[in-house]
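Please keep the sequence and the model open while reading.

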Amino acid sequence: MSNKSRAMLGSGLGLIWSAALLIGAGVFVQIPVFALIPTIMTAFFSPGLVMAAMVARVALRRFVEVDTRMEPLSEAGEMDRRVLQNTVEQLVIAAAIWPAAAVLLGPAGPGVIIALGLGFAVARLLFWVGCHRSPMLRSVGFAATFFPSVLVALWALIALAI
């Protein structure tokens, strides 16, 4: 199987993960609406922890590999830097979409975004490992981070329309 085929398969698996995450959270996780603000803040905790680990890893590589000067990192260090950059981009998308979705989805909203936060953390770790080890795992991790935000945005728009 070619790398492109593996990446496509990984993206499909990430999309399936995303749908399962949202459906499972919408059906099985119910958090009282009065807890909406703390829930929104808590949803970003696990993604923040993963991103902090990535920042620490890049900083450590820079310290060890290039003695803190702004010289190029090793190939693995550059990969970690790109993973961190992509994680920042994905977290900005999440921060722009999840809070509104939590409100628009009514009683399901708080549980859904808590599940999104946990799923984001797991998916980013898969993406990080995949970038170093496996193109398919990388594509699963990317898709499992990106598609939940897109799908919950569509779900929220539909909820708003009805």
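The points below are grouped by topic, and they refer to a predicted model.

The chain has six helices and zero strands. Of its 162 residues, 40% are buried. The helix pairs described here are α2 with α5, α2 with α4 and α5 with α6.

**Overall makeup**

- From the N terminus on, the order of elements is α-α-α-α-α-α.
- The C-alpha trace spans about 55 × 40 × 25 Å along its principal axes.
- Taking contacts between residues at least 6 apart in sequence, 75% join residues at least 24 apart.

**Helix α2 against helix α5**

- Helix α2 covers residues 36-43 and helix α5 covers residues 109-133. Their axes are 8 Å apart and the packing angle is about 15 degrees.
- Angles under 35 degrees count as roughly parallel, and α2 and α5 are therefore roughly parallel to each other.
- The crossing of these two helices, α2 and α5, is left-handed.
- On the α2 side the contact is made by L36, T39, I40, T42 and A43, and on the α5 side by P110, I113, I114 and G117.
- By class, the residues of this contact of α2 with α5 are six nonpolar, three polar and no charged.

**Helix α2 against helix α4**

- The axes of α2 and α4 lie 10 Å apart, at an angle of about 145 degrees.
- The crossing of α2 and α4 is right-handed.
- From α2, the residues L36, I40 and A43 meet W98, P99, A102 and V103 of α4.
- The contact of α2 with α4 consists of seven nonpolar residues, with no polar and no charged ones.

**Helix α5 against helix α6**

- α5 and α6 pack with their axes 6 Å apart and at an angle of about 155 degrees. That makes α5 roughly antiparallel to α6, since angles over 145 degrees are counted that way.
- The crossing in which α5 passes α6 is left-handed.
- Residues of α5 in this contact include V112, L116, F120, A123, R124, L126 and F127. Further α5 residues in the contact are V129, G130, C131 and R133.
- The contact of α5 with α6 has 16 nonpolar, three polar and three charged residues.

**Nonpolar cores**

- The largest nonpolar core has 21 residues, and W98, V112, I113, L116 and V152 touch the most other members.
- At least two residues of this core come from each of α1 (3-28), α2, α4 (75-104), α5 and α6 (135-161).
- Another core, of ten residues, lies apart from the largest one; V50, M79, L84 and F127 are among its members.
- Not counting residues up to four places away in sequence, W98 touches A43, F44, I113, L116, G117, F120, S149 and V152.

**Individual residues**

- Which residues does I40 contact, leaving aside its neighbours within four places in sequence? The partners of I40 are P99, A102 and I113.
- I40 is found in helix α2. It counts as buried because its relative accessibility is 13%, and the cut-off for buried is under 20%.
- The C-alpha atoms of I40 and I114 are separated by 7.5 Å, although these residues are 74 residues apart along the chain.
- Is S139 buried or exposed? S139, in helix α6, is buried, with a relative accessible area of 10%.
- Apart from its neighbours within four places in sequence, S139 is in contact with R6, A7, G10 and S11.
- L157 also lies in helix α6. With a relative accessible area of 53%, L157 is exposed, the cut-off for exposed being over 50%.
- L157 and A101 are 56 residues apart along the chain, and 8.3 Å separates their C-alpha atoms.

Methods:
Residues numbered from 1 in each chain as written. Predicted model: local features only at pLDDT ≥ 70, side-chain atom pairs only at ≥ 80, totals over all residues. Heavy atoms only, no water. Axes fitted to C-alpha atoms, helices over the stretch in contact; angles between N-to-C directions. Helix = DSSP H or I, 4+ residues; strand = E, 2+ residues; numbered from the N terminus. Parallel < 35°, antiparallel > 145°, perpendicular 65-115°, else oblique. Left-handed = near helix turned anticlockwise from the far one by under 90°. Contact = heavy atoms within 4.5 Å. Nonpolar A, V, L, I, M, F, W, Y, C, P; charged D, E, K, R; others polar. Core = buried A, V, L, I, M, F, W, Y, C linked by side-chain atoms within 4.5 Å. Buried < 20%, exposed > 50% of the residue type's maximum accessible area, 1.4 Å probe, protein only.
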